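Subject: A structure to look through

Dear colleague,

I am handing over the structure below, together with some notes on what turned up when it was examined. Please have the viewer open while reading, so that each residue can be found as it is named.

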Amino acid sequence: MPYIRFKAFPDAFVEEITPDIVEEFASIVRVEPEKVKIEVLNVHIITNTPLSVEIMMFQRDKETHDAVAASIDHMLRERGYPGVHIFFIILDPHYYYKEGKPLR
């Protein structure tokens, strides 16, 4: 945990950028790189839906969230993916369970 989910991106592309994303994200958020989980959500797009990156993590200060979003956006733009929507799903450690027990 945290989880970074790429929606509707090619699997090979996400696999290619994963080392860079993990390194940069872990540095900004100050977590061990092995805790960062990367997933590709293969969706069937019905309407004009933009590519997106959904980040599920515990709350950090606004500057940290801003830095993560800017970093991911920069990496995606450099690789030909401008205009990607990036958003956070904030998890509450009181409602995050491991082995049936809340973290706090």
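Which strands and which helix do the buried residues of H1 pack against? Before turning to that, please keep in mind that this is a predicted model. The buried residues of H1 pack against strand E1 (3-7), strand E2 (37-41), E3 and helix H2 (62-78). The residues of H1 that are buried are Phe13, Val14, Ile17, Ile21, Val22, Phe25, Ala26 and Val29. One of these, Ile17, also marks a bend of about 45° in the helix, which covers residues 11-29, and a proline, Pro19, follows within four residues.

Arg30 lies in the loop between H1 and E2, and it counts as exposed because its relative accessibility is 76%, where the cut-off for exposed is over 50%. A second residue other than glycine with a positive phi is Glu99, where the value is near 55°. Glu99 sits in the loop between strand E5 (97-98) and strand E6 (101-102), and with a relative accessible area of 78% it is exposed.

Stepping back to the whole chain, the secondary structure comes to two helices and six strands, which follow the pattern β-α-β-β-α-β-β-β when read along the sequence. For 104 residues, a compact globule would have a radius of gyration near 13 Å, and the protein chain, at 14 Å, agrees with that. The C-alpha trace spans about 40 × 30 × 25 Å along its principal axes, and buried residues make up 32% of the 104 residues. If we take the contacts with a separation of 6 or more, 75% of them are between residues 24 or more positions apart. The chain exposes about 6700 Å², of which carbon and sulfur atoms supply 52%. As for charge, there are 12 positive and 17 negative charges, and their mean positions are 7 Å apart.

Ser52 is found in strand E3 (residues 52-58), and it is buried because its relative accessible area is 7%, which falls under the 20% cut-off. Leaving aside residues up to four places away in sequence, Ser52 touches Arg5, Phe6, Lys7, Phe9, Val84, His85 and Phe87. Phe88, in strand E4 (residues 85-91), counts instead as partly exposed, with a relative accessibility of 24%. The C-alpha atoms of Phe88 and Ile55 are separated by 4.7 Å, although the two residues are 33 residues apart along the chain.

Finally, there are two prolines to look at. Pro50, in the loop between E2 and E3, counts as partly exposed at 36% relative accessibility; from Pro50 to Gly83 the C-alpha distance is 7.8 Å, while in sequence they are 33 residues apart. Pro2 lies in the segment before E1, and the peptide bond that joins Met1 and Pro2 is cis, with omega about 15°.

Methods
Residues are numbered from 1 along each chain as its sequence is written. This is a predicted model: local features need pLDDT of at least 70, side-chain atom pairs count only at pLDDT 80 or more; totals for chains, interfaces and linings use all residues. Side-chain values use heavy atoms; hydrogens and water are left out. Buried means under 20% relative accessible area, exposed over 50%, partly exposed in between (1.4 Å probe, protein chains only). The radius of gyration is taken over C-alpha atoms; the globule rule is 2.2 Å times the number of residues to the power 0.38. Contact means heavy atoms within 4.5 Å. Accessible areas come from the Shrake-Rupley method with a 1.4 Å probe; for residues, only the protein chains shown count as cover. Lys and Arg count as positive and Asp and Glu as negative; His and the chain ends are not counted. The place of a charge is taken as NZ of Lys, CZ of Arg, CG of Asp or CD of Glu. The bend at a residue is the angle between axes fitted to the seven residues ending there and the seven starting there.
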